[in-house]
Every structure is written in C-alpha cells, then in structure tokens.
Amino acid sequence: MDFINLGNAKLAAQYAAIELFRTIQSTPQSKLGLATGGTMEPVYAELVKLIQTNPIDLSDIQTFNLDEYYELDRESTQSYLYYMKHHLFDHIDIQPEQYYFPDNDAENLDADNKAYDTLIMQNHPINLQLLGIGTNGHIGFNEPGTPFDSNTRMVDLTQETIEANARFFDSIEEVPTKAVTMGINTILNSNRILMLATGEKKQPIIKQLYEMQYPDETVPASVLLNHPNVLVVTDNAASPY
C-alpha cells in the first residue's frame with residue numbers, strides 16, 4: 001500500500017479523476033468501481049471536464065457502484081443512483097445499460113447479490129476501484145468486524161455511519177439503517193485500487209492505516225495491505241505524516 005499527499009483536496013480530486021480517465025483511455029473496455037459521498041463529488045466534476053474536453057470513446061466501459069441503501073426508492077434524491085446520475089452519468093455519453101448498482105430490494109436479494117459479484121468478474125475484474133474511507137475504517141459499507149472473505153450482501157449500518165450520512169438527509173431519522181454493499185472480497189478482486197481521503201476528520205484513520213503492519217478485521221480498510229496495487233491519496237489535512 002502506497003501513500004501520497006498532494007497537499008490540497010482539489011489536487012487530490014484531480015489526480016483521482018486523471019487516473020480514472022487514463023484507465024478508460026488505455027483500456028476502452030474498462031470496468032470502473034465507483035464510490036459516492038462528499039469526497040467524490042469533486043472527482044466526478046473533474047472527470048466530466050476531462051471527458052468533455054478530450055476525445056474518448058465511452059461506449060464499451062462498464063461501471064459498478066460500491067453500494068446502495070436498502071429498499072430506498074431508486075428515484076429518491078438520496079439514492080446513490082441519483083447521486084451518480086447527478087454528478088457523472090447525466091453529463092457524459094454513457095447509457096443506462098453500462099452502469100450497475102447492487103440490487104437493493106428484498107425480492108431474491110441473496111441471488112441478486114451473487115449475480116452482482118458474477119457480473120463484476122465476468123470476462124475480467126474491475127480495472128480500477130475508487131474507494132473512500134469512513135472514520136471507523138469502513139470501505140463501501142463494510143463496517144468494522146466484517147469478514148475479509150465477504151461478498152456483496154445486505155448490512156446493518158453502525159450508528160457512527162448513520163450519523164456521518166445524516167448531513168445528506170433532512171433529519172437523522174430519515175437515514176436508512178441498512179444498505180447493500182460490495183463485499184471486501186469483491187473489492188479485493190480489483191486490479192488496482194485508489195483510495196481518496198481528504199479533510200482533518202479522516203486523518204486519524206489514515207494515520208492508523210499507515211502504521212498498521214497486518215490486516216485486522218476491526219479496521220476493514222486494512223485488508224488492502226493484502227492487495228498488490230493500492231494507492232492512498234490524501235491532502236495535507238488527512239496525511240498520515
């Protein structure tokens with residue numbers, strides 16, 4: 001696991017966007033693993049600019065999102081489908097059949113989760129997986145204590161995660177308490193992983209991750225120590241050194 005501090009959040013977001021763009025450019029049939037949240041908004045804004053100002057063919061790419069709130073209406077402005085359309089998909093030449101999300105309704109949930117993992121691995125793994133990190137070390141919605149061999153499934157969100165996500169809702173009572181998330185094992189199958197962490201709230205967990213020698217299920221992101229190609233990109237505020 002490598003770490004790089006780019007000084008400020010804008011440069012960190014630009015770097016992540018460039019890596020996504022270069023992946024598409026070099027591999028027209030790229031699979032991209034995408035994350036949501038406030039940290040990713042400037043990444044997608046920069047990626048839209050790159051795509052709109054450079055000739056690039058998006059017709060063969062596929063994107064796979066990390067997670068979706070359980071049983072939240074896909075048309076809700078709080079859904080991650082809405083988020084991705086608002087920040088990325090509606091601004092580039094990509095069709096709905098090219099982007100995928102975990103199925104978030106109760107009907108056939110286990111079978112649909114297995115199908116999502118199968119689809120992710122079909123033909124080849126994800127070329128580049130974009131990750132954020134929670135203050136408790138979660139990746140996707142894989143909370144502390146998640147087995148490292150977990151696959152896509154429904155999970156209960158911790159109170160810490162619910163409180164962190166409350167800023168996107170009118171009240172904390174509206175925040176879903178469950179989600180469907182890519183599993184840790186699913187994430188580890190990616191060829192490359194880029195984790196983006198900015199802001200002082202992320203510094204304690206990034207410092208802890210930087211100092212860890214061995215993976216520990218109490219810090220889900222520490223599993224990335226087992227992956228051969230991980231880059232953690234920070235700004236000054238989140239830097240571990």
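**Helix packing and aromatic pairs**

Me: At roughly what angle do the axes of helix H2 (residues 41-53) and helix H3 (residues 80-87) cross, and how is that arrangement classed?
Reply: In this predicted model, the axes of H2 and H3 come within 9 Å and cross at roughly 40 degrees. Angles under 35 degrees count as roughly parallel and those from 65 to 115 as roughly perpendicular, so H2 is classed relative to H3 as oblique.

Me: Which residues of H2 and H3 meet, and what is the make-up of the contact by class?
Reply: From H2, the residues involved are Glu41, Tyr44 and Val48, and they meet Tyr83, Met84 and His87 in H3. Sorted by class, the contact of H2 with H3 has four nonpolar, one polar and one charged residues.

Me: What geometry does the aromatic pair of Phe64 and Tyr116 have?
Reply: A search of the whole structure finds ten aromatic pairs, one of which joins Phe64 and Tyr116 at 6.0 Å centre to centre. This pair links distant parts of the chain, with Phe64 in strand E3 (residues 62-65) and Tyr116 in helix H4 (residues 109-121), 52 residues apart. Since planes over 60 degrees apart count as edge-to-face, the 65 degrees between these planes makes the pair edge-to-face.

Me: Are Phe64 and Tyr116 buried or exposed?
Reply: Phe64 has a relative accessibility of 0%, and Tyr116 has a relative accessible area of 5%. Buried means under 20%, so Phe64 is buried, and Tyr116 is likewise buried.

How values were computed
Residues numbered from 1 in each chain as written. Predicted model: local features only at pLDDT ≥ 70, side-chain atom pairs only at ≥ 80, totals over all residues. Heavy atoms only, no water. Axes fitted to C-alpha atoms, helices over the stretch in contact; angles between N-to-C directions. Helix = DSSP H or I, 4+ residues; strand = E, 2+ residues; numbered from the N terminus. Parallel < 35°, antiparallel > 145°, perpendicular 65-115°, else oblique. Contact = heavy atoms within 4.5 Å. Nonpolar A, V, L, I, M, F, W, Y, C, P; charged D, E, K, R; others polar. Phe/Tyr/Trp six-rings, centres within 6.5 Å; stacked < 30°, edge-to-face > 60°. Buried < 20%, exposed > 50% of the residue type's maximum accessible area, 1.4 Å probe, protein only.
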